[in-house]
Amino acid sequence: MKCFSRYLPYLFRPHGALRSASCHAEADIISTVEFNHTGELLATGDKGGRVVIFQREQESKNQPHRRGEYNVYSTFQSHEPEFDYLKSLEIEEKINKIRWLPQQNAAYFLLSTNDKTVKLWKVSERDKRPEGYNLKDEDGRLRDPSMITMLRVPVLRPMDLMVEATPRRVFANAHTYHINSISVNSDYETYMSADDLRINLWNFEITNQSFNIVDIKPANMEELTEVITAAEFHPHHCNTFVYSSSKGTIRLCDMRTAALCDRHAKFFEEPEDPSNRSFFSEIISSISDVKFSHSGRYIMTRDYLTVKVWDLNMENRPIETYQVHDYLRSKLCSLYENDCIFDKFECVWNGSDSVIMTGSYNNFFRMFDRNTKRDVTLEASRENSKPRAILKPRKVCVGGKRRKDEISVDSLDFSKKILHTAWHPSENIIAVAATNNLYIFQDKVN
């Protein structure tokens with residue numbers, strides 16, 4: 001296992017950069033983080049409906065250590081607040097998820113979604129502008145045709161590099177409930193969007209029609225016992241996808257079986273230990289995130305207290321269970337009262353599927369090495385994010401005498417939470433969102 005305490009931090013404040021950390025605006029809170037397939041770009045979305053894209057610095061002979069740094073590449077408003085007049089509901093502009101498409105040409109494409117509408121964005125560069133039109137002057141005004149005495153051939157002139165973001169498709173009016181997941185299929189022709197009760201399949205070229213592939217809405221809503229919490233396509237098999245539920249179960253579906261995948265191909269559930277049964281059992285067992293491994297062999301799920309790894313060939317129990325913050329088990333009552341127990345933490349794999357990462361409270365995030373079974377707790381904060389500084393592992397003291405370098409469980413700040421993280425697809429570079437701060441940590445380069 002790499003010594004993750006040797007990660008070096010870079011701090012970005014892309015959202016509300018002029019505000020102090022103590023008085024950040026609600027709109028500046030980062031709500032999703034995602035690397036593209038090469039890791040050269042990193043996109044973040046916030047509650048204000050904005051998308052900020054960072055680009056990795058190219059290696060310099062004079063400053064080779066700057067290779068891992070990311071700078072702002074493009075910023076644009078993806079979604080605006082709307083109002084549903086039929087239902088008298090406000091639709092938030094908050095970006096729930098961002099997913100990149102593989103790059104096919106010089107432009108980049110990404111999907112972004114709020115609660116109701118998915119948009120396909122094209123991000124492209126322009127460093128030349130056309131000049132010498134026949135029917136327009138240099139300011140774009142139409143010329144009098146009677147004044148045109150000669151035919152000119154327009155030419156391209158160099159200009160300062162400009163990055164443009166343009167919406168190419170808008171996929172709307174297909175979800176009654178709030179969208180919680182989008183996932184691009186491995187055929188790169190389709191993607192799916194999931195809300196609390198339904199999952200829809202879209203073609204990138206068709207915006208006015210989608211196919212409902214999962215519908216768990218009961219005829220009588222009083223009989224509703226669970227909702228869909230996350231969904232993702234298999235990384236290699238375009239016919240296979242999984243979705244998780246608020247009951248802590250995972251269903252794997254095969255679209256070759258039927259058009260409507262109401263009957264799952266596999267059902268993953270861990271039997272509950274009766275000795276651990278409590279009032280909070282159902283709440284903390286709800287799965288907040290599900291991710292296929294890059295190999296496609298495993299599924300990782302995150303519930304409130306643990307991260308679990310499942311083998312696709314074994315449905316009755318996970319092959320690995322990692323305790324994220326088990327010291328909070330005694331605090332569930334107060335966490336229920338302040339609604340923190342309903343926080344939805346994400347989880348990510350590293351590029352080789354050997355290490356997994358997820359967030360916690362007090363701006364802590366956890367890493368687990370699947371091979372050595374070692375784990376580490378690190379902190380993303382402005383105090384320890386000096387350039388080139390090395391992160392030190394943190395430890396939480398549950399009871400008894402507290403050591404000098406430990407923090408008491410009663411001192412944890414539950415308003416500071418790491419919900420969204422991302423891992424570079426091939427290198428040890430991680431992105432961690434803490435409220436309106438984005439931290440990028442790079443493994444130490446000797």
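## Pockets, salt bridges and a buried serine

The largest pocket holds about 1,200 Å³ of space. This is a predicted model: local features need pLDDT of at least 70, side-chain atom pairs count only at pLDDT 80 or more, and totals for chains, interfaces and linings use all residues. Residues are numbered from 1 along each chain as its sequence is written, and side-chain values use heavy atoms, without hydrogens and water.

**Pockets**

- A pocket is an open set of points on a 1 Å grid over the protein atoms alone, where a 1.4 Å probe fits, with protein on both sides within 12 Å along at least five of seven lines; lining residues have an atom within 4 Å of a point.
- Volume is the space filled by probe spheres set on the points, which are joined across faces, edges and corners.
- The largest pocket has 40 lining residues, and Lys94, Phe342, Asp343, Lys344 and Leu419 lie nearest its centre.
- Strand E16 (228–233) and strand E2 (30–35) each give two or more residues to that lining. E16 gives the most, with 3 residues. Strands (E) are DSSP runs of at least two residues, numbered from the N terminus.
- The second largest pocket has a volume of about 950 Å³. Glu34, His37, Arg99, Glu232 and His294 lie nearest its centre.

**Salt bridges**

- The structure holds 25 salt bridges (a side-chain nitrogen of Lys or Arg within 4 Å of a carboxyl oxygen of Asp or Glu).
- Lysine 47 pairs with glutamate 26 at 3.0 Å, N to O. This pair links distant parts of the chain, 21 residues apart.
- Arginine 157 forms a salt bridge with glutamate 131, their closest N and O atoms being 3.4 Å apart. Arginine 157 lies in strand E11 (residues 155–171), and glutamate 131 lies in strand E10 (residues 118–131).
- Shared partners join Asp28, Asp46 and Arg50 into one network of salt bridges. Within it, aspartate 46 and arginine 50 meet at 3.0 Å, N to O.
- Aspartate 46 is buried, at 0% relative accessible area, while arginine 50 is partly exposed at 25%. Buried means under 20%, exposed over 50%, and partly exposed in between, with a 1.4 Å probe and protein chains only.

**Serine 78**

- Serine 78 sits in the loop between strand E5 (70–77) and strand E6 (82–84). Serine 78 counts as buried because its relative accessibility is 2%.
- Its side chain makes polar contacts with the side chains of serine 112 (2.7 Å) and tryptophan 121 (3.2 Å).
- A polar contact is a pair of N or O atoms within 3.5 Å; within protein, one must be able to donate a hydrogen and the other to accept it, and residues adjacent in sequence count only if both atoms are side-chain atoms.

Definitions and conventions. Helix = DSSP H or I, 4+ residues; strand = E, 2+ residues; numbered from the N terminus.
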